[in-house]
Amino acid sequence: DRPITRAIAFTLLAAATVTTAFSQVIVRVEVDGFPASYDGTPPQILNGRVLVPLRGVFEQMGADVNWDDENKVITATRNGRRIWMRIGNPTALKDDVPILLEVPPQVLDGRTLIPLRFVGEALGVKVVWNHLEKSVSIDTGGNDEDGAERPPHIRCLSETSAGAHSE
């Protein structure tokens, strides 16, 4: 009787640890001072990491993003840098160098979500998390398309906002 109870308890515990639970916190993301675009699915927090829909944010950063549906593989390139990720796989490639992700790409409600900090930094942009505001600022390191400089709060958020830090 006890071995069966233990086996059931172990099975339930294992199932609970495998289940991914997304946070219900609303996260705001800006790219060069402008709100990031999404395709219906907002950013999510999973295990303390911000995941965002595959295309919107990264195309706004100037990245070329590709999705291989058959193999569930994401590739993105920007300024000669290339990343490769597979849904559920904690190992990504940055310019063909393996990198262990704390949170692998996920699918939520039929949408592909990828880890914002890893992808952003791997593609050469600055990513700053503001814990108090639950917001992420992305600085691509250049001027806006019209040649105007971006708002100053993007460049100095980590220095001026209380609670702002890079993860």
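At 41% relative accessibility, Glu59 counts as partly exposed, and in this predicted model its side chain has a charged partner: Arg55 forms a salt bridge with Glu59, with the closest N and O atoms 3.1 Å apart. Arg55 is partly exposed too, at a relative accessible area of 35%.

Side chains of opposite charge can pair when their charged atoms come close.

Let's look at a pair within a helix. Glu121 and Arg117 meet through their side chains in a salt bridge, 2.7 Å from N to O. Both residues sit in helix α3 (residues 116-122), four residues apart, which is about one turn of the helix.

Glu133 and Arg28 form a salt bridge at 3.0 Å, N to O. Glu133 lies in the loop between β12 (126-130) and β13 (135-139), while Arg28 belongs to strand β1 (residues 28-31), so this pair ties together parts that are 105 residues apart in sequence. Glu133 is partly exposed, with a relative accessible area of 46%, and Arg28 is partly exposed as well, at 39%.

| Salt bridge | N to O distance |
|---|---|
| Glu121 and Arg117 | 2.7 Å |
| Glu133 and Arg28 | 3.0 Å |

Notes
Residues numbered from 1 in each chain as written. Predicted model: local features only at pLDDT ≥ 70, side-chain atom pairs only at ≥ 80, totals over all residues. Heavy atoms only, no water. Salt bridge = Lys/Arg side-chain N within 4 Å of Asp/Glu carboxyl O. Helix = DSSP H or I, 4+ residues; strand = E, 2+ residues; numbered from the N terminus. Buried < 20%, exposed > 50% of the residue type's maximum accessible area, 1.4 Å probe, protein only.
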